[in-house]
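Please look over the sequence and the structure before reading on.

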Amino acid sequence: MNAISKETAGRPPRTLVVGGGPIGRYMAARLQPSGAAVVLHGKGQAFERLASQGRLTLRPQDAPQEAQTIPLDCSLRAPAPEGWDLLVLAVKAQDLGAAGQQFKAHARGAVTLLPQNGLPWWQYLGAGAPPLRLLAADPGGLAEDALPLERIAGCVVTKGLSISEEGHLIEARVPSDRFALGDVVPGSGASRLPFALMLRAGLPVAMSEDIRVEKWRKLLINVAFNPLGALSQLGFGEVLDEPEGERLAHALMAEAVAVARAAGLTVAVDTQAAFARARGSRHHRTSMLQDAQAGRPFELEPIVGVLLELAQRHGVAVPTLSTIYGCLRLLNFSVRKGPILQVLARARAL
């Protein structure tokens, strides 16, 4: 009996994907060939349009002629909590606490897959070491209260996705695309079902020996290119065209590595591979840039705030991270107030 039938007694696994952004749409669309019964739940006008159409256009960035139209079962209202096998909370990291509370009952009987950016609230919980709660990642402890650690599969997504103005999901395809999964509580088996489904769906998925290390590796890329993309309004690799952009990216990554080392990370960190990936995805808009351009708050605390929290705890000097954090706070404030959106609207009208 395979991993899927073990978990679901031979019936199609019932999968609820929460979050109408790029990751949520992509997960819902790509999991369908696995044989899972997938429902996508979201909110907002863009998701309402998607739900009314009942289908998603998935378009490769490098080959628009290969666009696919994929039917989607979309729900504007949160489905009843009973009977789910897999719950994918594909919301922004800063929204995870509220989403966890809303879907607390759903999570009791399901495996929960968490594909957020940044260091997660569970990074130093559930692995046997003395617990450390990252306040920047889960203020108020809402996610920890809602989601049982032993039923969580951590997920690191290395995949460029964005939504076009016409609502198409744009997929950047590069050789380093990867989904890494791992049990938050080692040996719990929580990752078994999502891994089997993603493998059956043909996604580039790998089971990680230590998902916490994978979270650090992804963060060390995000902390350089997400903030600089949002501040400059440039694509993933375009920030390196300006010498100051490259200098800042190296400084941010070096400070983040110093924090990671102080916090106990011992594995090798290939910073050159991160820069190579950026140069290979020059025009991809990072998630923080997409949020800034759409007028949404971005994942500041889980990507940068957690590093400042750990730096303070371990006595590591992080002057560049602190300065960029302050600039991002101002940009986030401008996004909420509206000025940056007015500038972007005028630029698009030219």
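Of the 350 residues in this chain, 53% count as buried. The model is a predicted one, and every value given here is computed from it.

The overall build comes first. The chain contains 14 helices and 12 strands. Its radius of gyration is 19 Å, close to the 20 Å that the globule rule gives for 350 residues, so the chain is as compact as a globular protein of that length. Along the principal axes, the C-alpha trace spans about 55 × 55 × 35 Å. The accessible surface of the chain comes to about 15,300 Å², and carbon and sulfur atoms hold 54% of that area.

The contacts show how the chain is connected. Among contacts with a separation of 6 or more, 73% are made by residues 24 or more positions apart.

How many aromatic pairs does a search of the whole structure find? The search finds 3. One of them is formed by Y26 and F179, which are stacked, with 6.2 Å from centre to centre and 0 degrees between the planes. This pair links distant parts of the chain: Y26 lies in helix α2, residues 22-31, while F179 lies in strand β11, residues 178-183. The two residues are 153 residues apart. Both Y26 and F179 are buried.

Another pair has a different arrangement of its planes. The ring centres of F225 and F236 are 5.1 Å apart and their planes stand at 90 degrees. Why does this pair count as edge-to-face? Planes over 60 degrees apart are classed that way, and the planes of F225 and F236 are at 90 degrees, so the pair is edge-to-face.

F225 belongs to helix α8 (residues 211-232), and F236 to the loop between α8 and α9 (243-262), so the pair ties together parts that are 11 residues apart in sequence. Are these two residues buried or exposed? Buried means under 20% relative accessible area. F225 has 1%, so F225 is buried, and F236, at 8%, counts as buried as well. Ring pairs also bring in F275, linking F225, F236 and F275 into a cluster.

Key
Residues are numbered from 1 along each chain as its sequence is written. This is a predicted model: local features need pLDDT of at least 70, side-chain atom pairs count only at pLDDT 80 or more; totals for chains, interfaces and linings use all residues. Side-chain values use heavy atoms; hydrogens and water are left out. Rings of Phe, Tyr and Trp (its six-membered ring) pair if their centres lie within 6.5 Å; planes under 30 degrees apart count as stacked, over 60 as edge-to-face and the rest as tilted. Helices (H or I, at least four residues) and strands (E, at least two) are DSSP runs, numbered from the N terminus. Buried means under 20% relative accessible area, exposed over 50%, partly exposed in between (1.4 Å probe, protein chains only). The radius of gyration is taken over C-alpha atoms; the globule rule is 2.2 Å times the number of residues to the power 0.38. Contact means heavy atoms within 4.5 Å. Accessible areas come from the Shrake-Rupley method with a 1.4 Å probe; for residues, only the protein chains shown count as cover.
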